[in-house]
Amino acid sequence: MKKIILLSVITMSVLFAPSISKCETVPGPNASAVSSVESEKLLTRYNEIKSMDKSKMSPTEKRSLRKEMRVMKTQAVGGGGVYISLTALLIIIILILIL
């Protein structure tokens with residue numbers, strides 16, 4: 001019985017290998033910690049953007065501000081993360097249940 005289960009797990013891992021190989025960490029634009037001086041600059045720029053009157057701006061200007069806000073957010077938080085595909089998650093759960 002254990003041989004059948006082991007064989008099926010090996011077969012599944014070989015069949016779903018391309019989707020598992022896509023699991024990787026995605027580094028942000030600035031993965032290092034932000035210093036206090038830089039964080040204060042980011043905070044002041046954030047407050048400036050929030051206090052702007054955006055009703056008179058063109059859509060392209062609004063879009064550029066949104067992009068700038070996203071970049072500032074990733075710099076402040078540190079960005080990045082680990083993404084795991086669904087098949088990799090299923091295989092991990094099956095292996096935990098078997099072992």
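Mentor: With a definition: axes are lines fitted to C-alpha atoms, for helices over the stretch in contact, and angles run from 0 to 180 degrees between N-to-C directions. Keep in mind that this is a predicted model.

Trainee: At roughly what angle do the axes of helix 3 and helix 4 cross?

Mentor: Take residues 36–51 for helix 3 and residues 59–77 for helix 4. Their axes come within 11 Å. The crossing angle is roughly 150°.

Trainee: Is helix 3 roughly parallel or roughly antiparallel to helix 4?

Mentor: Angles over 145 degrees count as roughly antiparallel. The axes cross at roughly 150°. Therefore helix 3 and helix 4 are roughly antiparallel.

Trainee: Which residues of helix 4 make the contact?

Mentor: Helix 3 brings Leu 42, Arg 45, Tyr 46, Ile 49 and Lys 50. Facing them from helix 4 are Leu 65, Glu 68, Met 69, Met 72, Gln 75 and Ala 76.

Trainee: How many residues of that contact between helix 3 and helix 4 are nonpolar?

Mentor: Set aside three charged residues and one polar residue. The nonpolar ones number seven.

Trainee: Is the crossing of helix 3 and helix 4 left-handed or right-handed?

Mentor: Look at how helix 3 passes helix 4. The crossing is left-handed.

Trainee: What percentage of the residues count as buried?

Mentor: Buried means under 20% relative accessible area. The protein has 99 residues. The buried share is 10%.

Terms used: Residues are numbered from 1 along each chain as its sequence is written. This is a predicted model: local features need pLDDT of at least 70, side-chain atom pairs count only at pLDDT 80 or more; totals for chains, interfaces and linings use all residues. Side-chain values use heavy atoms; hydrogens and water are left out. Buried means under 20% relative accessible area, exposed over 50%, partly exposed in between (1.4 Å probe, protein chains only). Helices (H or I, at least four residues) and strands (E, at least two) are DSSP runs, numbered from the N terminus. Angles under 35 degrees count as roughly parallel, over 145 as roughly antiparallel, 65 to 115 as roughly perpendicular and the rest as oblique. A crossing is left-handed if the near helix is turned anticlockwise from the far one by less than a right angle, and right-handed if clockwise. Contact means heavy atoms within 4.5 Å. Ala, Val, Leu, Ile, Met, Phe, Trp, Tyr, Cys and Pro count as nonpolar, Asp, Glu, Lys and Arg as charged, and the others, Gly among them, as polar.
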